[in-house]
Amino acid sequence: MPKLIRWCRWNSAGFMATLAAAVALVTGAGVALANSTTGSAQVANSASAKAVSASTTTSGIAPAMSCSAVAQLDLAAAVPGLPFEITSATELAASANTLGSWAACDVKGVIAPQLHFEIKLPETGWQANYLQVGCGGLCGNVNVTSAPASAGCVPLTTGAFAVASSDEGHYQGGGLFSTDPTLRADFGYKSDHELVQAAKAVIKQYYGQAATHSYFDGCSQGGHQALTEAQRYPTDFDGIIAGAPANNFTALNTFSHAWTAQSVYLNGGPATLTNADLADLHKAVLKGCGAPADGIITDPLSCTWDPGTIQCATGRTSTSEAYCLTADQVTTLRRIYAGPTDEHGQLLYPGYQLRGSEVNWAGIITPATATANSGDISFVRETLRYQIFDSPQPALTYKDIKFTAAYYKKVMRLGEGMYDATDPDLTAFKKAGGKLILWHGLGDQHIPAVGTMAYYKAVEKAVGGEAATKTFARLFLLPGVAHCGGGQGPDTFDALTAITDWVTKGDAPASLTTKSADSSGNTTASRPVYTFPYYAKNTTGGPAADASSYTPVKSTAEAALKLDWLGSFRSGYETVGNWVGGRWVVSKGKN
């Protein structure tokens, strides 16, 4: 295949705007996310090691029919058991294509019963590549040009890829759709498998030949979609990149978010911490963790700084010159850094906020004022009311979550088989030749990166150890980077070339180079990111903003990570079963 243009910087404001809109739908009035850090992080995918068709040239594979003819295609029976229709096919000029400077046939359609999708088919330059992109939050709209992991800068400037995305089967951003069993399943695990089949059928008709390379790219809910595909449908994609995956969806949106909400609003009262506290708190954490001069904690899992060390002395209050914490603030922070636990001290979600992420909490974990709502309150509400129980519970709020083993059993009964993608046994994906790049910002304020570390370690155990895992899956942790981009650390990187080289040449990525840029696109800092459990340390004494100053150092904290949590990752998809001996005993299924 021709040389692909390297990643450019994507407009993360598009993703954050989508997130803000989703929160607004949930809250009615909307939760202010203006203070949330925005920035950029990119990823995309590659595909199989199959050779590109002999008809491929630098000018690409030409279409076999006109765009207008696509609209007339009757594909209702093209994929057995998957009725779908093309609703429109229109010419898109290169100047109007935000994916790149290539003209496209813009195809829209519906998969029964109401899974809406869009496919952009390059009219020139196509190299038999297919890229499917995920969505964010609870989805609810089709947005090929602003997917969570590649918003505004999909690496398709040459028209080498046909690109598709869907609304995951519903067209509103709240959780009401989950009251319908079919729509619940489409969102939970079916929609991407259905879309890839329909899209490939359309591609084959339009070009007169099938796509030979298939990719998936997603972050957040898109990362959850990515891991669902690797686990349930291991032959759908040859290369998958999963960023900040919300794969432990049920426990994340109930126990994790409710825990931080109940921690900030102690005893249902006003918030103990607001956005105004975060800058001073962050400075104290950096000092307590011994952060370098650039203010980025590269190995936050190893930092155990206790907020009690800066509790205000009796009779003192915090000032800008001498920042200190109230007793309630100390309690709040200790809970946030510890994660949700039951009555026996066992984690109910495999993760917790890492030290150094504080500035990124604004609008999500902490509210603008003590009486305002945080984003966490909204995230919990939709899941709790409409997604995890057999019937709607419209009166429930984050205050109703009980952090007990019994309540965990009640909540997880549906979610573990419907919404979650926690199966660590990726043997089938590995045997199919699939390659997986996992990545996560260590400053993630939505989905704690510890959960992705725990999942990766579970994969290692399931497939035969660290060496066996690295032959097909690797995890990269980005210091200081917030949810799907932004934050304090360099967050722009080229994962497309990394995974393409891996699947087509066998060149597994030992590191990725992350960058920061100014408003003009000029690089202001660069830093390598190494495979888990290694991190980049400035061992040369060179400039902190220069990637050449860093070498890999093994994190003993990451290597030794062991989480004792109630829903420990286990093999199999949980569909039906009984609670026996503290865990679900279930039958396995993939439908």
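Begin by selecting K190, which is partly exposed at a relative accessible area of 28%, whereas E194 is buried at 9% (buried means under 20% relative accessible area, exposed over 50%, and partly exposed in between, with a 1.4 Å probe and protein chains only). The side chains of these two residues, K190 and E194, form a salt bridge at 3.9 Å, N to O, the term standing for a side-chain nitrogen of Lys or Arg within 4 Å of a carboxyl oxygen of Asp or Glu. Both K190 and E194 belong to helix α3 (residues 181-207), where they sit 4 residues apart, about one turn of the helix; helices (H or I, at least four residues) and strands (E, at least two) are DSSP runs numbered from the N terminus.

This is a predicted model, in which local features need pLDDT of at least 70 and side-chain atom pairs count only at pLDDT 80 or more, while totals for chains, interfaces and linings use all residues. Residues are numbered from 1 along each chain as its sequence is written, and side-chain values use heavy atoms, with hydrogens and water left out.

Next, select R527 and D294, whose side chains meet in a salt bridge of 2.7 Å, N to O. This pair connects distant parts of the chain, 233 residues apart, with R527 in strand β11 (residues 523-530) and D294 in the loop between α6 (278-288) and α7 (327-338). R527 is buried at 4% relative accessibility, while D294 is partly exposed at 31%.

Finally, move to D106, E118 and K120, which a network of salt bridges links together. The structure holds 8 salt bridges.
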